[in-house]
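Biologist: Could you take me through this model and tell me what stands behind each term you use?

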Protein chains: 2
Amino acid sequence: MLARSIEKIAMAAKAASRLTALAPSRLKESALKSAARALAAAKEEVLAANRSDVGRAKKRKLAPALIDRLTLDEKRVGSMVLALEEIAALADPVGEVAAEWTNPAGVRIQKVRVPLGVVAMVYESRPNVTVEAAALALKAGNSVILRGGSEAVRSNTALARILSRAVSAAGMPRDSVSFISDTDRKNIAVLAGLDRWIDLLIARGSERMVRAITRMASVPVLGHGKGVCHVYVDGGADLKMAEEIAFNAKVQRPGVCNAMECLIVHKSVSKSFLPAIGRRYREAGVAVNGDEACRALIPEARRAAGSDWAREYLALEVSVKVVDSIERAIDHIHRYGSGHTDSIVTGDAAAAEKFLREVDSAAVFHNLSTRLHDGGVFGLGAEIGISTQKLHARGTMGVRELTTTKYAARGSGQVRT
Amino acid sequence: MLARSIEKIAMAAKAASRLTALAPSRLKESALKSAARALAAAKEEVLAANRSDVGRAKKRKLAPALIDRLTLDEKRVGSMVLALEEIAALADPVGEVAAEWTNPAGVRIQKVRVPLGVVAMVYESRPNVTVEAAALALKAGNSVILRGGSEAVRSNTALARILSRAVSAAGMPRDSVSFISDTDRKNIAVLAGLDRWIDLLIARGSERMVRAITRMASVPVLGHGKGVCHVYVDGGADLKMAEEIAFNAKVQRPGVCNAMECLIVHKSVSKSFLPAIGRRYREAGVAVNGDEACRALIPEARRAAGSDWAREYLALEVSVKVVDSIERAIDHIHRYGSGHTDSIVTGDAAAAEKFLREVDSAAVFHNLSTRLHDGGVFGLGAEIGISTQKLHARGTMGVRELTTTKYAARGSGQVRT
């Protein structure tokens with residue numbers, strides 16, 4: 001695809017964004033509901049396109065986990081329909097007055113929530129991202145440009161076509177949803193350079209992909225972050241609760257960013273706690289990489305290498321460290337963590353508050369599994385990813401993170417003196 | 001200066017930032033007050049250093065406007081002391097709970113305001129930026145690294161030394177304020193690449209400097225934006241008010257970003273309005289670049305070139321355009337403006353609301369001079385600049401824009417199912 005064609009798509013999206021931004025809440029809601037109905041009605045078309053993607057993926061011998069993420073069935077399409085309905089029903093953030101005051105000269109100042117303009121999204125594998133990203137961006141009053149991975153191109157093309165037709169038939173601007181079906185990698189670099197037309201680029205995929213896009217982009221980028229998440233079992237922990245949390249955080253879904261990668265245990269409870277969690281891990285097939293104190297209590301643990309502490313395993317593998325104080329636990333998290341999600345298990349309120357206050361991560365938890373850092377669990381509706389950046393959006397990102405604010409001030413002729 | 005030395009400064013700032021972030025409000029307030037006293041007491045030392053900068057600047061025949069921005073006197077040092085006292089007295093944003101709710105599983109979730117960590121600031125000329133940037137960053141609980149321009153290096157070094165000594169004597173970490181006195185340009189590139197230690201880089205200077213830094217940086221950058229600001233005099237305007245606003249916005253201080261650069265006039269009032277404002281501009285020495293309709297009413301107006309519409313004159317020069325509808329005015333602003341500050345003058349409430357809603361700028365005004373877009377005027381205390389970006393901070397940036405948020409969630413053993 002020529003760079004010029006991608007720029008044309010972006011220019012059309014920008015032109016449409018002036019109208020998308022002004023769309024009344026009811027129009028956005030009904031457009032998304034009508035997209036939900038259209039998707040439910042076109043289920044067969046989507047499944048046929050997906051079978052073709054999956055067939056190619058199998059022929060190319062892609063990894064089974066990737067093929068699983070790619071594969072759609074009736075139930076998964078049903079979840080997409082549901083996501084569209086849920087996003088349709090979310091409160092509209094556009095027009096919210098975030099702050100309002102009058103200055104001494106009598107100027108009435110408001111900080112008003114407004115759409116960003118044009119949001120582009122670059123992502124991999126899972127076709128549901130096409131639907132959720134488009135719906136969240138539209139709900140926030142933005143035009144959206146989607147560029148999915150090559151392995152899902154037929155599924156994504158079908159989904160984007162169904163969505164785009166449905167929302168424009170419902171009265172949204174025709175160019176408010178665009179899809180780039182040419183999966184040449186060069187297209188990402190072109191998109192990332194169009195800061196004149198694109199207001200935000202969301203990168204959702206591997207850490208390497210997010211870093212590469214951030215480095216090349218002149219468009220501001222929000223990246224789904226790497227998760228080296230910790231659970232710290234404090235001396236004051238309820239050890240049964242700690243066991244459930246340390247097991248759930250590692251095992252319930254190891255391939256995602258909010259899964260725990262490193263378990264830290266206070267030495268005062270290590271003798272009672274580590275053998276028990278070690279058994280649970282062994283039964284579940286979790287490989288343990290431990291320091292010396294851990295290996296004395298979990299005999300099958302491998303010796304942790306220096307590089308283990310910062311690793312995002314995304315698999316049934318965990319590093320385990322024994323510390324002699326909460327300060328050492330917090331230091332370890334700052335040194336090796338990725339600032340994603342870190343949890344303390346303790347019955348000691350002072351220790352809990354110290355941990356919540358001092359650990360500088362997107363989410364800090366007390367007596368909770370790290371797996372709970374999720375827009376759905378938090379009650380924000382769908383999420384577009386979890387950010388480990390500190391600017392603009394930190395932690396789970398929902399529809400509000402796809403907006404910005406502007407100052408609107410009303411006066412009666414005031415000037416500067 | 002070796003890249004290694006700059007990295008050492010950044011590493012020390014990062015280490016200090018863990019303590020700076022936890023500094024109680026009272027400590028930050030008393031440290032800034034003690035900096036104010038120290039600066040008042042060391043006035044002579046600052047003025048002597050400044051005389052040396054000004055002497056070199058005159059020898060190097062720098063532009064008079066630059067020498068004026070550089071020059072300090074008793075009154076200007078007094079304003080810095082006052083700024084320190086005002087920033088000390090601002091409300092502490094750290095620890096504010098921005099949102100709080102309980103999810104259906106009984107997890108209590110808070111979004112808490114926290115410091116960014118390490119804020120670096122690259123700026124030019126005016127020595128007061130050293131004082132204000134350091135004070136705002138500290139107030140928000142950050143460590144700060146300052147790198148000012150070569151022309152003000154002696155003034156800045158003296159100011160930074162006084163500040164840094166005073167705040168550390170008051171109990172803040174020694175490395176919470178650092179100053180890079182070597183003004184080799186390469187240092188900026190080194191700073192901009194230290195994303196491991198620096199959380200935010202603020203660039204305040206010419207548009208070219210801000211763009212260059214944004215392009216080279218791996219650290220997130222907030223730039224003080226270019227201001228191509230408009231005043232639109234609507235058909236329903238009180239023409240006397242419009243004249244005062246159009247005069248003030250252009251003439252009161254033409255060299256700054258919130259000065260008006262383009263005046264747009266509805267044709268229904270152009271015949272009464274343009275000759276009058278034309279006279280005022282002539283008397284004040286403002287050069288007018290107009291379209292044909294303007295030139296018919298302001299005879300001395302030069303013909304506006306295509307490039308005039310997007311120019312940030314920063315001088316006693318203005319472009320003037322006559323339009324036949326508010327829609328044309330809004331289109332013009334979107335096409336040529338920089339998204340900084342745009343104002344409508346009108347008595348027609350519907351026109352005003354349309355303008356405020358549809359113009360996509362950091363600040364949109366009704367019956368106000370664009371010069372009022374300012375942290376001080378808005379009542380936010382000191383400002384660290386005005387952003388025309390859409391991510392993180394838009395419009396005037398104060399102490400809150402130097403913070404981020406984190407999620408703090410408290411549970412009783414909940415896990416993901």
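This is a predicted model: local features need pLDDT of at least 70, side-chain atom pairs count only at pLDDT 80 or more; totals for chains, interfaces and linings use all residues.

Biologist: What makes domain 1 and domain 2 of chain A two domains?

Modeller: The bounds come from an automatic or database domain assignment. It gives 3-225 + 390-410 as domain 1 and 229-376 as domain 2. Their C-alpha centres lie 34 Å apart.

Biologist: How many residues of domain 1 of chain A are in contact with domain 2 of chain A?

Modeller: Two residues are in contact if their C-beta atoms, placed from the backbone, lie within 7 Å. By that rule six residues of domain 1 of chain A meet nine of domain 2 of chain A. The domain 1 side has one nonpolar, four polar and one charged residue. Here Ala, Val, Leu, Ile, Met, Phe, Trp, Tyr, Cys and Pro count as nonpolar, Asp, Glu, Lys and Arg as charged, and the others, Gly among them, as polar.

Biologist: How do you know that the copies meet through the same surface?

Modeller: Because 100% of the interface residues of chain B are also interface residues in chain A. The contact takes 50 residues from each of chain B and chain A. On the chain B side, β17(B) gives the most, with eleven residues. By class, that side has 23 nonpolar, 17 polar and ten charged residues.

Biologist: What makes β17(A) and β14(B) a parallel pair?

Modeller: Strands are DSSP runs (E, at least two residues), as are helices (H or I, at least four), and both are numbered from the N terminus. Two strands pair if DSSP finds at least two bridges between them. β17(A), residues 403-414, has five bridges to β14(B), and the two run parallel.

Biologist: What is the strand order of the open sheet with mixed pairing?

Modeller: Ten strands follow the order β11(A)-β10(A)-β12(A)-β9(A)-β8(A)-β13(A)-β14(A)-β17(B)-β2(B)-β1(B). The edge strands are β11(A) and β1(B), each pairing on one side only. Within the sheet, β8(A) and β13(A) pair in the parallel sense over four bridges, and so do β13(A) and β14(A). A:Ile344 has A:Tyr232 as a bridge partner and also A:His366 in β14(A). In contrast, β2(B) and β17(B) run antiparallel over eight bridges, with B:Val114 opposite B:Thr404.

Biologist: What makes the unit of β13(A), α14(A) and β14(A) right-handed?

Modeller: A crossover is right-handed if, with the strands pointing away from the viewer, the path from the first strand over the helix to the second runs clockwise. The unit of β13(A), helix α14(A) and β14(A) is right-handed in that sense.

Biologist: Why does B:Val323 count as buried?

Modeller: A residue is buried if 20 or more other C-beta atoms lie within 10 Å of its own, exposed if 12 or fewer, and partly exposed in between, with C-beta atoms placed from the backbone. B:Val323 has 21 C-beta neighbours inside 10 Å, so it counts as buried. B:Val323 lies in β12(B) and touches, among others, B:Ile264, B:His266 and B:His332, leaving aside residues up to four places away in sequence.

Biologist: Why is β8(B) called largely enclosed by the rest of the structure?

Modeller: Five of its five residues are buried, so β8(B) is largely enclosed. B:Cys229, B:Val231 and B:Val233 point one way, B:His230 and B:Tyr232 the other, and all are buried.

Conventions:
Residues are numbered from 1 along each chain as its sequence is written. Chains are lettered from A and ligands numbered from 1 in the order in which they are written.
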